[in-house]
Amino acid sequence: MAKRSKGRSKEVNPKVAARRAARKAAQEAFQQGEVSGPLRAFEGLPGEVDWVALREVVPAATATARTTAEYGSRDVTVVTLLPGLLAAMHRKDGQILVALQTPSSSADASRDVATALLAALTAEPGTALTQVDLDPEGPRLQDVLDPSVDFEVTLHDNFDYALDPEEEITGDVKDALEQFAESIVPTVKVAGVEGAYWCRMSGREYLRWSRPEPEEELLDALARLHATGESVLEQGTRLIGTFRSCGLVIPVWELVRGSEADELGPLLPPFQERLTEALARTGELGPDERRARASLVSRQVTLR
């Protein structure tokens, strides 16, 4: 397959830490007005909530996309992560892979990914792009991708999707991929629910649900439910906090121990109904609701 880092155990943690630090710095700069960019980077794309989830909380997944006729009507595979934290690959078999989780990040994630995608399209087959020059004036994904093509997500338990069938797989490459896969948190997409992902970590199960509502409105609604004990999915579950990325909020629930992804289907529609009612309520938050909101915000992790 294309060139990438061989090691995982010694290299990945520092790189992941660097990626997180870069995003935090970019977010701080954005908040301070030092750089400008759209609040919701993937707004307008099919599956916006899944774009955000794959960028931030899903370890190994692929999704479908296609460029517009202006950019060649090329089928593209969007991936969470490429070995070596590559930005994109143009494999020898002609397949284009572009990653969402990379070390480089500006105020506009959509433009970053589009820049890598366009670079891969024009690169020679067999090329791996370790990084790309981010163009603040370049096209965004909304300009490059065909909106009629669904963003269909497939979860994986390894990174074999990066392998090129036309290249010989050496022992070193196989070992590197196996080491890389050891870091994957078991994750399953909840069937029929956009942006909802079950995962298991340290013997506990969680739901991470990337939501489409405006950030502040969603936090208000969650606070209203939390204050009255209605933020649970069922008895024994609890809303433990939120992630915040690319203009969206990703609430996180701790589930009943041993819960599986296919058990969540019946639990989410009733919660959605309660949330819709809470979103429709207007007026200032009451004292209990303000305390609930402050608690949620204090446990919020900004990933942008």
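Good morning. I begin with a turn: in the hairpin of strand 7 and strand 8, where 6 residues lie between the strands, G192 takes a positive phi near 75°. Please keep in mind that this is a predicted model.

Strand 7, residues 187–189, pairs with strand 8 in the antiparallel sense, over 3 bridges. Within this pairing, K189 stands opposite Y197 of strand 8.

Strand 8 also has a partner in strand 9, which covers residues 204–209; these two run antiparallel and are joined by 6 bridges. Their hairpin has 2 residues between the strands, and S202 adopts a positive phi near 50° there. Across this pairing, R200 has E205 of strand 9 as its bridge partner.

R200 leads us to the salt bridges. What does the side chain of R200 meet in a salt bridge? The partner is E260, with 3.0 Å from N to O. This pair links distant parts of the chain: R200 belongs to strand 8, residues 196–201, while E260 sits in the loop between strand 11 (248–254) and helix 7 (268–280), 60 residues apart. Are these residues buried or exposed, or partly exposed? R200 has a relative accessibility of 28% and therefore counts as partly exposed. E260, at 34%, likewise counts as partly exposed.

A search of the whole structure finds 19 salt bridges, and I shall describe some of them.

One is formed by R224 and E289, whose closest N and O atoms are 3.4 Å apart. R224 lies in helix 6, residues 215–227, and E289 in helix 8, residues 287–298, so the pair ties together parts that are 65 residues apart in sequence. R224 has a relative accessible area of 6% and is therefore buried. E289 is at 11% relative accessibility, so E289 counts as buried as well. There is also a network: E215, E216, D220, R244 and R293 are joined into one by salt bridges that share partners.

I turn now to strand 10, residues 238–245. How many of its 8 residues are buried? The count is 6, and strand 10 is thus mostly covered. Strand 10 pairs with strand 11 in the antiparallel sense over 7 bridges, and F243 stands opposite I250 of strand 11. The two strands form a hairpin with 2 residues between them, and in the turn C246 has a positive phi of about 50°.

R55 counts as buried because its relative accessibility is 4%. For E56 the value is 5%, so E56 counts as buried also.

To close, I return to two of these pairs. Thank you for your attention.

Definitions and conventions: Residues are numbered from 1 along each chain as its sequence is written. This is a predicted model: local features need pLDDT of at least 70, side-chain atom pairs count only at pLDDT 80 or more; totals for chains, interfaces and linings use all residues. Side-chain values use heavy atoms; hydrogens and water are left out. A salt bridge is a side-chain nitrogen of Lys or Arg within 4 Å of a carboxyl oxygen of Asp or Glu. Buried means under 20% relative accessible area, exposed over 50%, partly exposed in between (1.4 Å probe, protein chains only). Helices (H or I, at least four residues) and strands (E, at least two) are DSSP runs, numbered from the N terminus. Two strands pair if DSSP finds at least two bridges between them.
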